[in-house]
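Biologist: I have a chain open here and have not looked at it before. Can you walk me through it?

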Amino acid sequence: MNIIIKHIELIERIDQLIRMQATGSPGALASKLGISRTQVYRLIDIMKDLNAPVEYNIGIQSFVYAEMVRFKFGFEQEELNEEEAKSIYGGKYFKKNTIFMLASRKMVRGYCTIVL
């Protein structure tokens with residue numbers, strides 16, 4: 001597996017555990033993730049470099065966020081505003097999930113013709 005993807009997956013898991021306040025000590029977190037304590041500290045440092053407000057709370061023996069944040073990585077489908085939609089659809093704008101939009105998606109996917 002690509003090392004970058006593995007690091008991202010580990011950061012996602014650490015983020016989840018931090019939000020649940022369930023990381024445990026650095027050694028316990030390392031055991032949960034199947035990595036060394038050194039790797040845990042390196043990942044926490046990477047998260048801090050990405051502006052994550054990570055702190056260790058001795059009282060609950062868990063890493064915590066000083067502010068409410070969530071790690072998010074990936075691509076999302078972007079919704080078009082009305083002007084962008086008009087420019088793409090040649091001046092016509094159809095709201096999402098109308099008969100025309102559903103039919104046009106099928107046409108693009110299935111290469112079929114539509115008679116209206």
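Predicted model: local features only at pLDDT ≥ 70, side-chain atom pairs only at ≥ 80, totals over all residues.

Biologist: Is Asp15 buried or exposed?
Modeller: Asp15 is buried, because its relative accessible area is 2%. Buried means under 20% relative accessible area, exposed over 50%, and partly exposed in between, with a 1.4 Å probe and protein chains only.

Biologist: What does Asp15 touch, not counting residues up to four places away in sequence?
Modeller: Met47, Tyr65, Val69, Arg70 and Phe71. Contact here means heavy atoms within 4.5 Å.

Biologist: Let me step back. How many helices and strands are in the protein chain?
Modeller: The protein chain has five helices and two strands. Their order from the N terminus on is α-α-α-β-β-α-α. Helices (H or I, at least four residues) and strands (E, at least two) are DSSP runs, numbered from the N terminus.

Biologist: And what percentage of the 116 residues count as buried?
Modeller: 25% of the 116 residues do. As for contacts in the protein chain with a separation of 6 or more, 41% are accounted for by residues 24 or more positions apart.

Biologist: Back to the helices. At roughly what angle do the axes of H1 and H2 cross?
Modeller: Roughly 130°, and the axes of H1 (residues 3-19) and H2 (residues 26-33) come within 11 Å. The axes are lines fitted to C-alpha atoms, for helices over the stretch in contact, and angles run from 0 to 180 degrees between N-to-C directions. Angles under 35 degrees count as roughly parallel, over 145 as roughly antiparallel, 65 to 115 as roughly perpendicular and the rest as oblique.

Biologist: Which residues meet there?
Modeller: From H1, Leu10, Arg13, Ile14 and Leu17; from H2, Leu29, Lys32 and Leu33. Sorted by class, this contact of H1 with H2 has five nonpolar, no polar and two charged residues. Ala, Val, Leu, Ile, Met, Phe, Trp, Tyr, Cys and Pro count as nonpolar, Asp, Glu, Lys and Arg as charged, and the others, Gly among them, as polar.

Biologist: What about H2 and H3, at what angle do they pack?
Modeller: At about 95°, with the axes of H2 and H3 (residues 37-49) 8 Å apart. That makes H2 roughly perpendicular to H3. Pro26, Gly27, Leu29 and Ala30 of H2 make the contact with Arg37, Val40 and Tyr41 of H3. By class, the contact of H2 with H3 has five nonpolar, one polar and one charged residues.

Biologist: Now the strands. In which sense do E1 and E2 pair?
Modeller: Antiparallel, over four bridges, with E1 covering residues 54-57. Two strands pair if DSSP finds at least two bridges between them. Tyr65 in E2 is the bridge partner of Val54, and Asn57 stands opposite Ser62 in E2.

Biologist: How many residues are between E1 and E2 in the hairpin?
Modeller: Four, and Gln61 in the turn has a positive phi of about 50°. Most residues other than glycine have a negative phi. Gln61 counts as partly exposed, because its relative accessibility is 47%.

Biologist: Which loop holds Asn51?
Modeller: The loop between H3 and E1. Asn51 also has a positive phi, near 75°, and counts as exposed at 67% relative accessibility.

Biologist: One more: where does Gly24 lie?
Modeller: Gly24 is in the loop between H1 and H2, and counts as buried at 17% relative accessibility. Leaving aside neighbours within four places in sequence, Gly24 is in contact with Lys32, Tyr56, Gln61, Ser62 and Phe63. The C-alpha atoms of Gly24 and Asn57 are separated by 9.7 Å, and these residues are 33 residues apart along the chain.

Note on methods. Residues numbered from 1 in each chain as written. Heavy atoms only, no water.
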